[in-house]
Amino acid sequence: MVDDHVYLVDVIGLLTSVVEEKEYVKEGKVMKMIVIELASKELTIRCALFGGYVDQVNNFLGSGYVEQPVVLVELAKVKIFRGQVGLQNVMHATKIYFNPDIPELVEFKNSMVEQGINGTQPLVIDNEGKTVSLEDDFIRLTRRCTIDELQDNNEEGSFVVFGYVRSIVEEGLWWYSACVCGRSIQPQAGVYYCDFCQHHVINVTPRYRIKICFEDEHGHGIFVLFDCESAYLLKKSCSDFFSEVNRDSSVICGDTYPEFFKVLVGKKLLLKVDTKCVSADKYFGTFRVKRVCDDPAIIAMF
């Protein structure tokens, strides 16, 4: 294919990365642009988005969803750029849906799982096309502090603390029900409704929410590991683990915590937290973990 396609196409894929937003001038007007990368089991394709479509992507990224979502792009142009096939939005025609609640999403995810891809990896936000590695994030780019300094700090921003997991805080459920958009949802009159998506939800997914007591040489605090970070440490998605224990009502609905979580106790970790999330978080007085590292080589550099 050497020419742009004359027809508009619909594409569904796993959103694996987002290139940093840029601006350029066209006909005297400043235009925003962002590039997203969609993957399937066969190929990966880049999609350039302009104008208001950039805001749609940023609104989704701001929702707190950190895994790789499934994205449906309707009525997009097929473009040829430097010999590579890609997609581009058509103003006022293209539609973008993140984790759409449709049967095709379930079919697509199942096909990816068959290829060993479960979509629980973190969504990569590229900076000039370069991924921020664990080593750069925890050693070079983010400020360090102790747990006591973190608790006394009034400055907003990201900080890294080093310590070990002293215990699991067995308070409340260790999981929550999530919409496909990643937001926590509760049943109302026997059905689920997502305020963010503004529609009833059919596909409800269990996600981790594990509270740990974390300690260093100077103090201790409570930190919340949500789905992505918990799955990274436990090497198992919440959906997979949930299916293993769903016959035990004392674990699913009661106060009993899975014995499996004890593998975290005593584990040395680097935790990256964002202090601006603390005051608004419903777990006030604790810290929500944004990224976690258990790599011994990186920990030794800290």
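1. Asp-216 lies in the loop between β14 and β15; helices (H or I, at least four residues) and strands (E, at least two) are DSSP runs, numbered from the N terminus. The model is predicted, so local features need pLDDT of at least 70 and side-chain atom pairs count only at pLDDT 80 or more, while totals for chains, interfaces and linings use all residues. Residues are numbered from 1 along each chain as its sequence is written, and side-chain values use heavy atoms, with hydrogens and water left out.

2. Is Asp-216 buried or exposed? With a relative accessible area of 12%, Asp-216 is buried, a class that means under 20% relative accessible area, whereas exposed means over 50% and partly exposed lies in between (1.4 Å probe, protein chains only). Leaving aside neighbours within four places in sequence, the residues in contact with Asp-216 are Thr-146, Ile-147, Phe-162 and Gly-163; contact means heavy atoms within 4.5 Å. Of these, Phe-162 is 54 residues from Asp-216 in sequence, yet the C-alpha atoms are 6.6 Å apart.

3. Which backbone nitrogens lie 2.9 Å from a polar atom of the Asp-216 side chain? One belongs to Ile-147 and another to His-218. Polar contacts are pairs of N or O atoms within 3.5 Å; within protein, one must be able to donate a hydrogen and the other to accept it, and residues adjacent in sequence count only if both atoms are side-chain atoms.

4. Arg-207 lies in strand β14 and counts as buried at 8% relative accessibility. Its side chain is joined to that of Asp-227 by a polar contact of 3.2 Å. The two residues also form a salt bridge, with the closest N and O atoms 3.2 Å apart; the term denotes a side-chain nitrogen of Lys or Arg within 4 Å of a carboxyl oxygen of Asp or Glu.

5. A search of the whole structure finds 11 salt bridges. Lys-32 and Asp-55 form one of them, the closest N and O atoms being 2.5 Å apart. Because Lys-32 lies in strand β2 (residues 29-39) and Asp-55 in helix α1 (residues 52-61), the pair ties together parts that are 23 residues apart in sequence. Lys-32 is partly exposed at 24% relative accessible area, and Asp-55 is partly exposed at 33%.

6. Asp-137 forms a salt bridge with Lys-272, the closest N and O atoms being 2.9 Å apart. Asp-137 is in helix α3 (residues 134-141) and Lys-272 in strand β16, so this pair ties together parts that are 135 residues apart in sequence. Both partners, Asp-137 and Lys-272, are buried.

7. The largest nonpolar core has 31 residues, and those with the most contacts inside it are Trp-174, Tyr-208, Phe-214, Phe-223 and Phe-261. Elements that each supply at least two residues of this core include β9 (158-168), β14 (205-215), β15 (220-226) and α5 (227-234). Apart from it lies another core, of 19 residues, among them Ile-34, Ile-45, Cys-47 and Val-71. A nonpolar core is a set of buried Ala, Val, Leu, Ile, Met, Phe, Trp, Tyr and Cys residues joined through side-chain atoms within 4.5 Å.

8. The structure holds 12 aromatic pairs. Rings of Phe, Tyr and Trp (its six-membered ring) pair if their centres lie within 6.5 Å; planes under 30 degrees apart count as stacked, over 60 as edge-to-face and the rest as tilted. Trp-174 and Tyr-208 form a tilted pair, 6.4 Å centre to centre with 40 degrees between the planes. Trp-174 is buried, with a relative accessible area of 1%, and Tyr-208 is buried at 0%. Phe-241 and Phe-260 form another tilted pair, at 5.2 Å and 35 degrees. Phe-241 is buried at 4% relative accessible area, whereas Phe-260 is partly exposed at 27%. Ring pairs link Trp-174, Tyr-208, Phe-241, Tyr-257, Phe-260 and Phe-261 into a cluster.

9. For the protein overall, there are eight helices and 17 strands. Of its 302 residues, 43% count as buried.
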